[in-house]
Amino acid sequence: MTIFGVSDHGPAYWLPGDHAQPGTQMAISEMGAYVAEAQELKARYAGRIEVRVGIEADWIEGRAEDLKRWLNDYPIDYALGSVHYALGTNIFNQARWQREEPEAVFRAYYASVVRAARSGLFDILSHLTAVESYSPPLRPELAAELYPEVADAAAESGAAVEINTSGYRKMGGDEPFPNRTMLRLLIERGVPLTFGADSHRPQEVGFAANRVVALLQELGVDTQNAQFFRTKRGSTLSVFPTR
Ligand SMILES: [Zn+2]
């Protein structure tokens, strides 16, 4: 691996207090130390691994201005934009599917993803179809209705889309996030694609990279010539171009 992005979960900036969600997110007051440590790794590995300092930032409806202010406070190379909530509940909460109407959740989630893309705040849009991790299957007709707008918004956003291999881990099947159906729409629109293992422990770094290369080849993407992609924060990422 020659280019490696570090992107911990950013703090829950939309909730009161310094450390609202200790199980999944750092404290607001830890952010400076996190960025400083990642910057230090960049210097330490210079010439061996090009380290990029990123953050996974939550898109929360109605909080775009807070997010923008918070992101601008730190010297980061890129921001991943993630939608983790639909109708107020986390998308990885498996119990929700026992009590909620799936179509309403899908509609709310994909509408949020569209708004996140259109916000222009992000360099990479992360795990685009993650709402489907534990859900009943999204009907093909509904995907045909909802996905194209997401792909259009991604294409217009100037962001790259990550192929996130936690999809293989969470769903246990043969689809990363986003799934093939969404990936085809993104590729048709020329959206640059990057790789993300969503690693939460060292053994998951680079997880299923070969599988992603094979998948991209299956979908007709040239995987031999990765290119640099300029982030809104003046850095670069490595991407697979799709046009
Ligand atoms: Zn995430």
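This is a predicted model: local features need pLDDT of at least 70, side-chain atom pairs count only at pLDDT 80 or more; totals for chains, interfaces and linings use all residues.
I looked up Tyr85 and found 19 C-beta neighbours inside 10 Å, so Tyr85 counts as partly exposed. The cut-offs I used: buried means 20 or more other C-beta atoms within 10 Å of a residue's own, exposed means 12 or fewer, and partly exposed is in between, with C-beta atoms placed from the backbone.

Residues are numbered from 1 along each chain as its sequence is written.

Next I checked where Tyr85 sits: strand S4, residues 85-86. Helices (H or I, at least four residues) and strands (E, at least two) are DSSP runs, numbered from the N terminus. Leaving out residues up to four places away in sequence, Tyr85 touches Ile60, Asn90 and Ile91; contact here means C-beta atoms, placed from the backbone, within 7 Å. Ile60 is 25 residues from Tyr85 in sequence, yet their C-alpha atoms are 7.6 Å apart.

Then the core. A nonpolar core is a set of buried Ala, Val, Leu, Ile, Met, Phe, Trp, Tyr and Cys residues joined through C-beta atoms within 7 Å. The largest one has 52 residues, and Tyr109 is among those with the most contacts inside it. Helix H4 (residues 102-118) gives the most to this core, seven residues. I also looked up Tyr109: not counting residues up to four places away in sequence, it touches Val83, Ala86, Ile91 and Val131.

On to strand S2 (residues 50-58). Eight of its nine residues are buried, so S2 is largely enclosed by the rest of the structure. Asp8 has Ile55 of S2 as its bridge partner, and Ala57 has Gly81 of S3.

From S1 the chain crosses through helix H1 (residues 31-44) to S2, a right-handed β-α-β crossover. S2, helix H2 (residues 64-72) and S3 make a right-handed β-α-β unit too. Right-handed means that, with the strands pointing away from the viewer, the path from the first strand over the helix to the second runs clockwise.

Last, the whole protein. I counted eight helices and 10 strands. Of the 243 residues, 36% count as buried. The C-alpha trace spans about 50 × 45 × 35 Å along its principal axes.

Conventions. Two residues are in contact if their C-beta atoms, placed from the backbone, lie within 7 Å. Two strands pair if DSSP finds at least two bridges between them.
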